[in-house]
Amino acid sequence: MFVLLRHAHAISKKSWSGPDAHRPLSELGRQQAAGLVTTLTGVELRVLYCSPTTRCLDTLAPLAAAHGLSIHEHPLLAPDAAADELRAALESIALAGTLWCTHGETLTALAALTHTDGTRPFPIGDTAKGGAWLLDAHTPVRYIDPDPPQ
């Protein structure tokens, strides 16, 4: 099993004057990030990957601390990364125990991709900020709402 996660709620773009990559989580987002520790209890986590943005790093910080894991920045999780390259990377490695934190637009682009036979490799849909998809070849895809909700 592996997890695709949308970063937790960030402060609005309108109220942030710095570079978007440095936009931090809001208070709600910090609560959602802390809530992931409980929400993902029972999910094996061995490696945490995230977009090289502050909001993704901050989303994973409580999980990393709780599990004694490092956070690995991955450029293919950035909001402007090519979804087909991310799909190829995800299909070429052992995913069990990994969590991938990215952005809504990245998840939307990834979900829209299809194989040549028309099947979707990542059957995911709309994802709330702080929401997670649990994917496993042996069980149906499962969505977990953020806690607290938006």
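**Entry 1: histidine 72**

I began with histidine 72, which touches Val47, Leu48, Tyr49 and Cys50 once residues up to four places away in sequence are set aside. Contact here means heavy atoms within 4.5 Å. I am working on a predicted model, where local features need pLDDT of at least 70, side-chain atom pairs count only at pLDDT 80 or more, and totals for chains, interfaces and linings use all residues. Residues are numbered from 1 along each chain as its sequence is written, and side-chain values use heavy atoms, with hydrogens and water left out.

I placed histidine 72 in strand S3, residues 71-73. Helices (H or I, at least four residues) and strands (E, at least two) are DSSP runs, numbered from the N terminus. Histidine 72 counts as partly exposed because its relative accessibility is 38%. For burial I used these limits: buried is under 20% relative accessible area, exposed is over 50%, and partly exposed is in between, with a 1.4 Å probe and protein chains only. I also took the C-alpha separation of histidine 72 and tryptophan 133, which is 19 Å for two residues 61 apart along the chain.

**Entry 2: the whole chain**

I counted four helices and six strands in the chain. Read from the N terminus, the order is β-α-β-α-β-α-β-α-β-β. The radius of gyration is 14 Å, close to the 15 Å from the globule rule for 150 residues, so the chain is as compact as a globular protein of that length. That radius is taken over C-alpha atoms, and the rule is 2.2 Å times the number of residues to the power 0.38.

Along the principal axes, the C-alpha atoms fill a box of roughly 45 × 30 × 25 Å. I found 44% of the 150 residues buried. Of the contacts between residues at least 6 apart in sequence, 62% join residues at least 24 apart.

**Entry 3: nonpolar cores**

I looked up the largest nonpolar core and found 20 residues, with Leu4, Leu90 and Trp100 having the most contacts inside it. A nonpolar core is a set of buried Ala, Val, Leu, Ile, Met, Phe, Trp, Tyr and Cys residues joined through side-chain atoms within 4.5 Å. The elements giving two or more residues to this core are strands S1 (2-6), S2 (47-50) and S5 (132-136), and helices H3 (83-92) and H4 (104-112). H3 gives the most, with four residues.

I listed the partners of leucine 4 beyond four places in sequence, among them Leu90, Trp100, Leu107, Leu110, Phe122 and Trp133. A second, separate core has 17 residues, including Leu5, Leu40, Val43 and Cys50.

**Entry 4: H3 against H4**

I found H3 and H4 packed at about 75°, with their axes 9 Å apart. Axes are lines fitted to C-alpha atoms, for helices over the stretch in contact, and angles run from 0 to 180 degrees between N-to-C directions. H3 and H4 are therefore roughly perpendicular, a label for angles of 65 to 115 degrees; under 35 is roughly parallel, over 145 roughly antiparallel, and the rest oblique.

Ala83, Leu86, Arg87 and Leu90 in H3 meet Thr106, Ala109 and Leu110 in H4.

Threonine 106 counts as buried because its relative accessibility is 5%. Beyond four places in sequence, threonine 106 is in contact with Leu76, Leu77, Ala78, Pro79 and Leu86.

**Entry 5: a cis bond**

I noted that the peptide bond from aspartate 147 to proline 148 is cis, with omega near 0°. Proline 148 lies in the segment after strand S6 (139-144).
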